[in-house]
Amino acid sequence: MFITCVVDQFFPQVGIATVEVLERCGLEVDFPEGQTCCGQPAFNTGYREEARRVARGWLQAFHDSEAIVAPSGSCVSFVRQQFPELFHDSPAELEEARRLGARTWELTEFLVSVLGREDVGAVYEGAVGYHESCHLLRELRISRQPRALLKNVRGLELRELDLAQECCGFGGTFSVKFPELSAAMADDKLRSAARAGAETLVACDMSCLMHLDGRARRLNLPLRCLHIAQILAGTSAGAGGRAGA
Amino acid sequence: MKTAFDERIGTALADSRLQAALEHLAFRFMTARNQAAADLPNWEELRTQAHAIKRHTIENLSTYLLQLEARVRERGGTVFWAEDAAQACSYVVELARARGVKLAVKSKSMVTEEIELNHALERAGIEAVETDLGEYIIQLAGEKPSHIVVPAVHKTRGQVADLFEKKLGLPHTEDVAKLTATARAVLRQKFLAAGMGITGANFAIAESGSIVLMENEGNIRFSSSAPKIHVAVVGIEKVIPRMADLAVFLRLLARSATGQKLGSYVSILSGARRPGEPDGPQEFHLVLLDNGRTRMLADPVAQPEGYASAAAGTVLSAGTAQPEGYATLRRETLYCIRCGACLNVCPVYRKIGGHAYPWVYSGPIGAILTPQMLGFAIEPKLPFASSLCGACRDVCPVKIPIPEMLLLLRSLETESMPGGRWLERTGFRLWAWAMRQPWLYRLGSRAARFIPARLLAAAGPLACWRKTRELPVFPEESFRDWWRKRRAPPAGMATGRRP
């Protein structure tokens, strides 16, 4: 498992839910302890050398993994699509980046497209809206898999958002460089969720959810923000309110 | 630190009328565009073809430009190579002076906005009148266009009514038909009296020496046919090799811009009136504008073709021949056909509008064009004003990888300011170092849990975060600590449970 730094530090319950879902599917999971971050924050802010140093650590940490699964579309797309570019002038590392990239999967993609599991036996009571995170949708082209999984959750009513595919406004350091603009984009998404009658907003990326949840709490909106792994683990139904809680 | 850019963003966000107008525009155009694209069975194929044609043309730009020049001259036209805005403007001004032109009619053209031709003409005492309705409104208001295709998108009907009342003496009315009829009556007199018509061009065809103009109001056709002199100011990237290539772009352009199959008028103009022809201008002048475009062409950064993502690759020195199979990323900026689709689909543009951007080109294409043409100093934060959502790349009819280009520009901007943002740079250096020491990362993460959140959030990025959002609740234990306990469970402790 590649438990991204955001999940590791702020949302361990999402990592734990990922473990539960994967084990329920009969897999033996491991968490290589050498992992920290993939390097994306530095890369996206213009610091390529720093990103490269961190990415190198990632390659070492996952050297022996057979399949690498992460509860994040953004981090997976960075590994698969930007690593080759980071290491373009270093043939050995480039080769390693491509080898590992080819066996790195986003959680829902892994469940549906690799394992062929659309039903993981989850239960969740409530009206759920699904937010399509940008890198998952437009870099990895993953849109069908999370919905297929959600449709098979007992008690869950999937409500489609009219702005499901719009960016939530997080955008990494964009969210702190342009806090008002970033929040205005979140408001569009939150209004869309309200229009759809969603009580819970689900996505495959904790960074989007951290942003949306933070905005929803600031506005005192009665919306729960949960990672899809938390729904699929079936542990969220009665558990405490917020993604961060 | 708040910059002028931040101020403009704040103003736009607080302007509810602008927000409504932008939302309406985006919804209307994107719905129409998506339908128009879906109606063509081979949309994706066309985009791929268009990209390939642009790529081929830009990689062989000098060949096609020289061919275009030769054909235009054969047909009796004059070609002027303008290195920059000043040269282009002074050519047009001198031409007008030499022919005694007092009034020029203009069609909507981004390139003439880019070189601020109207100001140059005014300074020389020559009246220049915009004849596209939206552009005319903007000119009356003394503003700049806020959208590549819909220049007056930020103006409400009421604001136009006020403007027409004040500037044209029309009794106040918000009746669109009356407003339009008034503009039409005023402009008709200008068309008939003008000694010069100035247009841009959507495409210039090398093999025939023709320029192609697409529009909806007929004002471009009027501007280019009624006055005695027709001047077309055209960026050098607008050339395409053959008439056959036009078929690809015509199918993409209007569909991407407005969702129309085609603009209401498409004019293919091949020079001035020839002997025996009853109408048309007597002179045709083509101004080919560089104004920083060849700097993008001399892009020293190249990447191998077929990269999933295409930012910086092998660094080649400027001017060296590209190895086979290599394309240059920054050159792809020159593929743009100015359809405006990336603006309509951009969640940032839709919040801040065109006037928040530092230059005439707004939206995602503006965010990559402006720093490359004017340098980073005009607005260092511009390449960072994107959430990198990728919607622009998906909608672009010529498949410009705008997010990759923004990423490249971010790294170039960061490198270009070795002393700038030292705090951020130092932060990332320390961060990168700490991330390479898993023990330190673990220690740091444990230590951080003892620092009160209020203290952490007092300054820096967390304070910026908290301006508009709550911080996540810092859990007592990280995932890795949970995992370690689970790996070595004390006797009887079940696995897989919440700690």
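How many bridges join strand 2 (residues 103-106) of chain B to strand 3 of chain B? Four bridges join these two strands, which run parallel. The legends below refer to a predicted model.

**Figure 1. The six-stranded open sheet of chain B.** The strand order in this sheet is 1-10-7-4-2-3, and the pairing is parallel. Strand 1 (78-82) and strand 3 (127-130) of chain B each have a single partner strand and stand at the edges, so one side of each lacks a neighbour in the sheet. On average, neighbouring strands are turned by 20 degrees against each other, direction ignored.

**Figure 2. The four-stranded open sheet of chain B.** Here the order is 8-5-6-9, with mixed pairing. Strand 8 (239-240) and strand 9 (265-269) of chain B are the edge strands; each has a single partner strand, so one side of each is left without a neighbour in the sheet. Strand 6 (residues 210-215) of chain B runs antiparallel to strand 9 of chain B, and five bridges join them. In this pairing the bridge partner of Ile211(B) is Leu269(B), in strand 9 of chain B. Helix 12 (residues 243-257) of chain B lies across strand 5 (203-205), strand 6, strand 8 and strand 9 of chain B. The helix runs at about 170 degrees to strand 5 of chain B.

**Figure 3. Nonpolar core around Leu289(B).** The largest nonpolar core has 212 residues. Val233(B), Val234(B), Val287(B), Leu289(B) and Cys342(B) are the residues with the most contacts inside this core. Leaving aside residues up to four places away in sequence, Leu289(B) touches Ala82(B), Ala88(B), Val111(B), Ile115(B), Val233(B), Val234(B), Gly235(B) and Ile236(B). For chain B as a whole, 46% of the 499 residues count as buried. Of the contacts in chain B between residues at least 6 apart in sequence, 72% join residues at least 24 apart. The chain has 23 helices and 12 strands.

**Figure 4. The side of chain B that touches chain A.** The contact involves 56 residues of chain B and 61 residues of chain A. On the chain B side, at least two residues each come from helix 1 (4-14), helix 15 (349-352), helix 17 (391-395), helix 18 (402-416), helix 19 (422-435), helix 20 (438-448), helix 22 (460-468) and helix 23 (479-487). This side of chain B is made up of 30 nonpolar, 13 polar and 13 charged residues.

**Figure 5. A β-α-β unit in chain A.** Strand 5 (residues 200-203), helix 12 (residues 206-218) and strand 6 of chain A make up this unit, which is right-handed. The two strands pair in the parallel sense over four bridges. Thr200(A) has Arg224(A), in strand 6 of chain A, as its bridge partner. From strand 6 (residues 224-227) of chain A, Arg224(A) and Leu226(A) point one way and Cys225(A) and His227(A) the other way; all are buried.

**Figure 6. Two asparagines with positive phi.** Asn220(A) has a phi of about 55 degrees, positive although the residue is not a glycine. Asn220(A) is in the loop between helix 12 and strand 6 of chain A. With 6 other C-beta atoms within 10 Å, Asn220(A) is exposed. Asn291(B), likewise not a glycine, has a positive phi of about 50 degrees. The loop that holds Asn291(B) lies between strand 10 (283-289) and helix 13 (293-297) of chain B. Asn291(B) has 20 other C-beta atoms within 10 Å and is therefore buried, the cut-off being 20 or more.

Figure 7. Leu27(A) is in the loop between helix 2 (12-24) and helix 3 (40-44) of chain A. It counts as partly exposed, with 15 C-beta neighbours inside 10 Å. Between the C-alpha atoms of Leu27(A) and Val176(A), which are 149 residues apart along the chain, the separation is 38 Å. Phe474(B) is in the loop between helix 22 and helix 23 of chain B. Phe474(B) is partly exposed and has 15 other C-beta atoms within 10 Å. The C-alpha atoms of Phe474(B) and Pro171(B) are separated by 63 Å, and the two residues are 303 residues apart along the chain.

Key
Residues numbered from 1 in each chain as written. Chains lettered and ligands numbered in written order. Predicted model: local features only at pLDDT ≥ 70, side-chain atom pairs only at ≥ 80, totals over all residues. Core = buried A, V, L, I, M, F, W, Y, C linked by C-beta atoms within 7 Å. Buried ≥ 20, exposed ≤ 12 C-beta atoms within 10 Å, placed from the backbone. Contact = placed C-beta atoms within 7 Å. Nonpolar A, V, L, I, M, F, W, Y, C, P; charged D, E, K, R; others polar. Pairing = 2+ DSSP bridges. Right-handed = clockwise from strand over helix to strand, strands pointing away. Axes fitted to C-alpha atoms, helices over the stretch in contact; angles between N-to-C directions.
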